[in-house]
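Try each task by yourself before reading its solution.

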2 protein chains.
Amino acid sequence: MTAQEAYEWLKEYSQESAYLESFARLAGWDQATYTPKKGHAHRARMQATLAKLLHQRATHPRVGEMLACIEQSNGSFEPDSVEAVNLREWRRAYDLQTKIPERLAVELAQATSEGQAIWEEARPKNDWENYKPVLKKIFSLTREVADAIGYREERYDALLDRYEPGATTRQLSVVFEQLREATVALLERIRGSSRQPNSAVLRRRFHREAQEAFGREVIARIGFDLEAGRLDVVAHPFMQGIGPGDVRLTTRYLEDFFNTGFFGIVHEMGHGLYGQGLLPEHFGTPMGSEISLGIHESQSRTWENLVGRSLGFWRYFWPRAQQCFESLRDVRLEDFHFAINEVKPSLIRVEADEVTYNLHILIRFEVERALLRGELAIDEAPEAWNAKYREYLGLEPPEIRNGLMQDVHWSAGLIGYFPTYSLGNLYGAQFFAQAEKDLGPLERQFEQGAFAPLLNWMQEKIHRQGSRYWPRDLLRHVTGEDLNPQYLIDYLNRKFGMLYKI
Amino acid sequence: MTAQEAYEWLKEYSQESAYLESFARLAGWDQATYTPKKGHAHRARMQATLAKLLHQRATHPRVGEMLACIEQSNGSFEPDSVEAVNLREWRRAYDLQTKIPERLAVELAQATSEGQAIWEEARPKNDWENYKPVLKKIFSLTREVADAIGYREERYDALLDRYEPGATTRQLSVVFEQLREATVALLERIRGSSRQPNSAVLRRRFHREAQEAFGREVIARIGFDLEAGRLDVVAHPFMQGIGPGDVRLTTRYLEDFFNTGFFGIVHEMGHGLYGQGLLPEHFGTPMGSEISLGIHESQSRTWENLVGRSLGFWRYFWPRAQQCFESLRDVRLEDFHFAINEVKPSLIRVEADEVTYNLHILIRFEVERALLRGELAIDEAPEAWNAKYREYLGLEPPEIRNGLMQDVHWSAGLIGYFPTYSLGNLYGAQFFAQAEKDLGPLERQFEQGAFAPLLNWMQEKIHRQGSRYWPRDLLRHVTGEDLNPQYLIDYLNRKFGMLYKI
């Protein structure tokens with residue numbers, strides 16, 4: 001078999017798996033939207049069956065043979081060519097999947113399934129004692145996973161790399177340290193400001209139908225293609241890309257709070273634009289796939305915050321917003337803009353503002369890294385968590401359900417995942433700065449309703465690249481430099497400095 | 001390997017395939033309901049990939065080996081035991097799938113895919129000349145399929161048996177002949193009656209929301225579990241059973257015609273009750289699956305017509321109907337009941353009343369049988385079709401789009417399928433007569449809103465039997481006799497005799 005034949009075999013195999021994965025994603029979306037109450041048990045069994053089949057496909061020895069066949073005939077593909085990229089990522093995925101022994105994968109699947117169920121029950125009751133054993137088990141098995149995958153410097157590298165290829169703990173901790181210092185300092189200045197927003201205007205009445213109509217109008221205006229996607233209502237919003245031409249956003253509406261519905265939609269739209277921007281001709285291969293969670297989050301956070309919380313954006317949409325929402329008719333645009341940008345330390349990550357959000361992430365990163373290094377025991381973790389909240393945010397969780405037990409991630413085995421949220425913010429600010437260099441001041445464009453220049457730029461520089469570059473290489477390729485936290489720091493200082501006049 | 005081990009292997013394999021088929025059904029439902037416009041091309045490719053995988057699974061030589069292993073160690077399972085039933089049906093399915101050569105299956109798939117596309121375009125334009133070649137091809141390939149499957153008396157047997165196991169063309173033609181004669185005679189008497197309903201009351205205004213609310217109330221009252229199912233709106237209504245606890249009905253509403261929405265819902269509910277009545281512990285094996293299209297249709301037609309168009313049913317629901325629909329407030333119950341039972345020969349099968357419906361089916365059966373026997377050429381088929389409409393219904397299609405080209409079935413390769421619609425009516429009447437013997441007069445129960453006795457009877461006698469009995473054996477088992485058209489004939493004569501006072 002020639003290298004070219006082996007490549008074609010892998011390509012078809014990868015595409016077939018991708019079509020099957022589309023079913024899993026569609027069924028997942030349906031679980032959150034339209035599955036009847038009594039259909040969930042059957043759905044779980046469907047998903048388990050397909051997951052097993054996909055795992056068998058991904059780890060099939062034939063894949064390894066085909067990869068080896070191409071690699072042994074080296075020099076077949078131009079570096080950076082479509083073929084070279086696909087080969088690199090297929091190898092990466094195959095190694096990741098096959099390095100973890102079956103026994104460990106099964107044990108971890110059981111522990112995380114149990115973990116999520118226990119968490120669900122224990123969290124509302126602040127029941128740390130009953131949650132602790134399963135959390136210990138999950139961290140212990142995850143340590144084994146990291147060892148099976150292998151790493152250069154520390155265990156955390158192996159976990160992080162699964163979500164953010166090429167990222168290292170060392171680099172991350174340097175960058176996060178800078179971000180933490182700058183954020184804590186900015187927060188200090190904000191606290192000292194005499195100027196404070198009136199966020200009560202966001203707590204007025206916002207009818208559900210009006211929120212949906214306005215949300216749809218905004219995302220369509222920005223460039224999300226509603227004929228190639230949907231917007232539905234769920235309890236815990238997410239974006240699900242089924243495949244080319246079918247990218248589904250979800251949201252939830254609170255009639256007494258503006259932000260949840262609106263910024264939820266814009267956030268998921270950011271993810272959805274990435275999905276709609278992938279090249280359909282590469283569907284089912286790495287060249288047609290998103291490269292990382294951090295890059296994904298850079299898209300959602302950019303549209304949500306750098307665009308959606310900018311004054312220029314609201315200058316354009318304000319007349320329509322006032323038409324849609326009676327409760328905004330006596331509000332001044334500048335006051336509304338200040339209100340949606342209120343900075344207020346809180347205990348809950350998912351409700352955090354742009355400034356404090358990263359502190360929540362840094363705390364999780366520091367705690368999970370210390371746990372993996374063995375510098376911290378699970379028993380001591382809640383106290384370590386609380387101490388960091390005191391130090392960085394000036395708040396102490398009175399209850400563990402709003403402390404270490406607030407997120408589902410660890411229970412689901414998602415360790416090494418949290419940093420991708422802050423990486424998204426960092427990448428987003430760095431990309432945005434480059435886009436302004438290339439396109440001129442963007443807020444002035446938003447004021448005119450011109451979102452296409454930024455969207456086209458994103459599509460060309462990021463979406464259509466698929467998995468061509470790992471995140472750090474993509475950054476270098478697009479912005480000419482390595483990850484640099486100063487872009488986000490400068491953006492935050494500038495924006496909140498103006499708002500709070502500090 | 002022991003027979004028991006081979007059985008366990010087949011059972012697990014069958015269940016796994018069933019879970020994968022659940023994905024295909026869910027994706028099919030989603031195509032009709034919520035797939036965005038630009039997502040359909042991707043969805044078609046998803047379905048093709050999964051269909052190929054399922055075909056490979058179904059025809060895998062290992063299945064044949066396992067079946068042979070059990071069969072060779074004969075006497076392992078009690079006749080009529082769960083194991084014996086599953087084994088019989090697995091063998092039947094495996095033979096059906098493996099007898100058709102790959103080449104023929106692929107050619108037919110291409111021809112029917114092309115056939116549906118051409119039909120879609122040619123039908124509105126009455127374009128017989130452009131449709132004829134593909135129809136010829138489909139009939140020619142279907143003849144090959146019948147030959148590959150094999151048959152005792154005539155080719156049509158092989159095709160019919162795919163949808164209605166054990167049914168024979170010979171038996172069918174005898175039964176259909178009796179039904180035709182009785183129906184034509186009844187129709188003659190109805191035409192001669194001076195009493196005619198005022199169906200204009202059904203053409204008033206029926207708000208969509210009111211139709212939906214009333215429909216949901218009715219099916220819930222009858223016993224369809226809306227927590228284990230859904231009701232959505234589509235262009236071409238159907239029922240889709242995803243799996244235990246998840247059975248989905250669809251309908252469409254016309255605001256200026258009552259019947260389409262309401263009787264559509266009750267019809268699909270009949271299918272859905274069958275789906276909800278299957279035993280979940282046998283999911284994924286023949287014992288937990290519907291036995292045939294005819295038995296399925298017996299359920300939908302029974303609830304739609306024998307129940308839903310009965311006077312007793314409307315005596316119970318009339319107060320609520322008048323509350324829901326302002327346009328019914330000045331209508332007398334008896335007039336409404338007569339109107340929904342109007343008999344009026346028409347050209348279109350899907351709009352036909354209870355009396356003339358079977359004539360539409362018999363015409364299709366006679367034409368497709370003659371085509372397969374070679375007694376009729378495709379070129380002559382439209383004229384043969386029209387002649388039968390003249391003879392049986394006293395109408396002649398002025399245009400072929402309302403004649404031979406009206407249904408999609410043949411374009412999709414569904415030849416031998418139409419008879420199952422009338423078999424459904426025949427089975428339904430025979431079951432219903434038995435249910436009245438067992439439970440007493442049913443309309444009096446409907447009058448009191450007591451639908452549970454009939455539903456429980458159906459569940460016990462039919463739904464929970466899964467594929468234990470082939471349709472003829474099920475009939476014998478439940479009613480003590482073979483298929484007997486007299487039950488349907490008597491029912492029609494009695495009901496329409498009273499309505500039209502003939």
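**Exercise 1. List the residues that His409(A) touches, leaving out those up to four places away in sequence, and decide whether His409(A) is buried or exposed.**

Step 1. Setting aside residues up to four places away in sequence, His409(A) touches Arg349(A), Leu414(A), Tyr417(A), Phe418(A) and Tyr421(A); contact means heavy atoms within 4.5 Å.

Step 2. Now find His409(A) in the fold: it sits in the loop between helix 15 (381-393) and helix 16 (419-439) of chain A. Helices here are DSSP runs of H or I with at least four residues, strands are E runs of at least two, and both are numbered from the N terminus.

Step 3. His409(A) has a relative accessibility of 9% and therefore counts as buried. The classes are buried (under 20% relative accessible area), exposed (over 50%) and partly exposed in between, with a 1.4 Å probe and protein chains only.

Step 4. Look along the chain too: Gln116(A) is 293 residues away from His409(A), yet their C-alpha atoms are separated by 8.8 Å.

Before going on, a word on conventions. This is a predicted model, in which local features need pLDDT of at least 70 and side-chain atom pairs count only at pLDDT 80 or more, while totals for chains, interfaces and linings use all residues. Residues are numbered from 1 along each chain as its sequence is written, chains are lettered from A and ligands numbered from 1 in the order in which they are written, and side-chain values use heavy atoms, with hydrogens and water left out.

**Exercise 2. Find where Ser310(B) lies and what it touches.**

Step 1. Go to the loop between helix 11 (293-307) and helix 12 (311-324) of chain B, where Ser310(B) is placed.

Step 2. Its relative accessible area is 4%, so Ser310(B) is buried.

Step 3. Beyond residues up to four places away in sequence, Ser310(B) touches Asn305(B), His337(B), Glu443(B) and Phe446(B).

**Exercise 3. Describe the contact between chain B and chain A.**

Step 1. Chain A gives 39 residues to the contact and chain B gives 38.

Step 2. Together the chains bury about 3,200 Å², 64% of it on carbon and sulfur atoms. Buried area is the accessible area (1.4 Å probe) that two parts lose on being put together, summed over both. Of the area that chain B buries against chain A, 21% comes from Tyr19(B), Phe23(B) and His42(B), more than from any other three residues.

Step 3. Ten salt bridges are counted between the two chains, a salt bridge being a side-chain nitrogen of Lys or Arg within 4 Å of a carboxyl oxygen of Asp or Glu. One joins the side chains of Arg43(A) and Asp246(B), at 3.1 Å from N to O.

Step 4. Helix 1 of chain B supplies eleven residues, the largest share of the side of chain B that touches chain A.
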